[in-house]
Amino acid sequence: MTKEETLKELSDAVVSCKRDLVEEAVEKAIAQCILPEEIIEKGLAAGMNEAGNMFENGQLFLPHLILATDCMEAGIRMLEAEMGREGLPRSGIIVSGTVRGDVHDIGKIIVSSMFRISGFEVHDLGRDVPLEDFIDAVKRTGADMLCLSALTTTSLSRQKEVIEMLKEEGLRDRIIVMIGGAPATQEWADTIGADCYAKNAIEAVSKAKHFLGQK
């Protein structure tokens with residue numbers, strides 16, 4: 001079986017919500033020495049994106065989407081466990097989360113997982129996170145980077161609020177702030193004083209390596 005066929009099998013397994021098939025496909029991909037980044041981006045995330053599109057088009061219902069998410073997360077946990085056994089040195093500490101008022105989680109889960117398998121220590125606070133929790137986590141973990149996700153236009157302004165809170169606490173100068181989410185842009189990042197914007201997980205890892213490599 002070719003790499004492309006294995007990744008397609010994995011993507012299809014996520015859409016079909018068959019966890020056992022997802023786990024089998026992840027094992028095959030690992031055995032074929034496919035890069036973890038590709039397994040997530042072109043297998044697990046690709047399947048999740050297809051399921052999301054089908055949900056938006058009325059071809060799938062919410063329970064199916066939830067099951068697909070569970071399958072994707074199961075595959076991600078397998079990869080994280082595999083990478084963890086290698087004892088890789090950590091490249092930096094990242095706190096991530098979706099801001100208060102926004103319950104979207106899938107994209108942020110993928111980004112956090114990509115960070116982990118790329119050698120970062122990640123503290124994922126989840127979704128609908130109270131803004132003060134970001135500040136507390138930055139202090140508690142000594143984070144090098146804070147990643148703020150917002151998937152709705154109404155929650156986008158909360159990214160700016162967190163940056164202002166960092167300034168008030170005297171933390172802004174010592175931490176890199178990355179923003180993401182469908183309505184976010186590099187222009188918005190510049191406007192609110194964030195260090196960078198990432199449009200997807202691959203770009204997020206690339207920019208994290210760039211900024212934290214300079215830190």
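Modeller: With handedness: a crossing is left-handed if the near helix is turned anticlockwise from the far one by less than a right angle, and right-handed if clockwise. This is a predicted model. Here the crossing of helix 1 and helix 3 is right-handed.

Biologist: What else describes two packed helices?

Modeller: The angle between their axes and the distance between the axes. Helix 1 (residues 3-15) and helix 3 (residues 36-56) pack at about 40°, and their axes are 8 Å apart. That angle makes helix 1 oblique to helix 3. On the helix 1 side, the contact is made by Lys3, Leu7, Leu10, Ser11, Val14 and Val15. Helix 3 contributes residues including Ile39, Leu44, Met48 and Met54.

Biologist: Which residues of helix 6 are buried?

Modeller: The general idea comes first. An α-helix has 3.6 residues a turn, so residues three or four places apart point the same way. In helix 6 (residues 131-141), the buried residues are Leu131, Phe134, Ile135, Ala137, Val138 and Thr141. They lie on the same side of helix 6 because they cover an arc of only 165° around the axis.

Biologist: What covers the buried residues of helix 6?

Modeller: The cover includes strand 1 (93-98), strand 2 (121-124), strand 3 (145-149) and helix 7 (153-168). After helix 6 comes Gly142, with a positive phi near 65°.

Biologist: How many aromatic pairs are there?

Modeller: Ring centres must lie within 6.5 Å to pair, and the count comes to one. Phe115 and Phe120 are edge-to-face, at 5.8 Å centre to centre with 75° between the planes. Both Phe115 and Phe120 are buried.

Key
Residues are numbered from 1 along each chain as its sequence is written. This is a predicted model: local features need pLDDT of at least 70, side-chain atom pairs count only at pLDDT 80 or more; totals for chains, interfaces and linings use all residues. Side-chain values use heavy atoms; hydrogens and water are left out. Buried means under 20% relative accessible area, exposed over 50%, partly exposed in between (1.4 Å probe, protein chains only). Helices (H or I, at least four residues) and strands (E, at least two) are DSSP runs, numbered from the N terminus. The arc is that of the directions from the helix axis to the C-beta atoms. Contact means heavy atoms within 4.5 Å. Rings of Phe, Tyr and Trp (its six-membered ring) pair if their centres lie within 6.5 Å; planes under 30 degrees apart count as stacked, over 60 as edge-to-face and the rest as tilted. Axes are lines fitted to C-alpha atoms, for helices over the stretch in contact, and angles run from 0 to 180 degrees between N-to-C directions. Angles under 35 degrees count as roughly parallel, over 145 as roughly antiparallel, 65 to 115 as roughly perpendicular and the rest as oblique.
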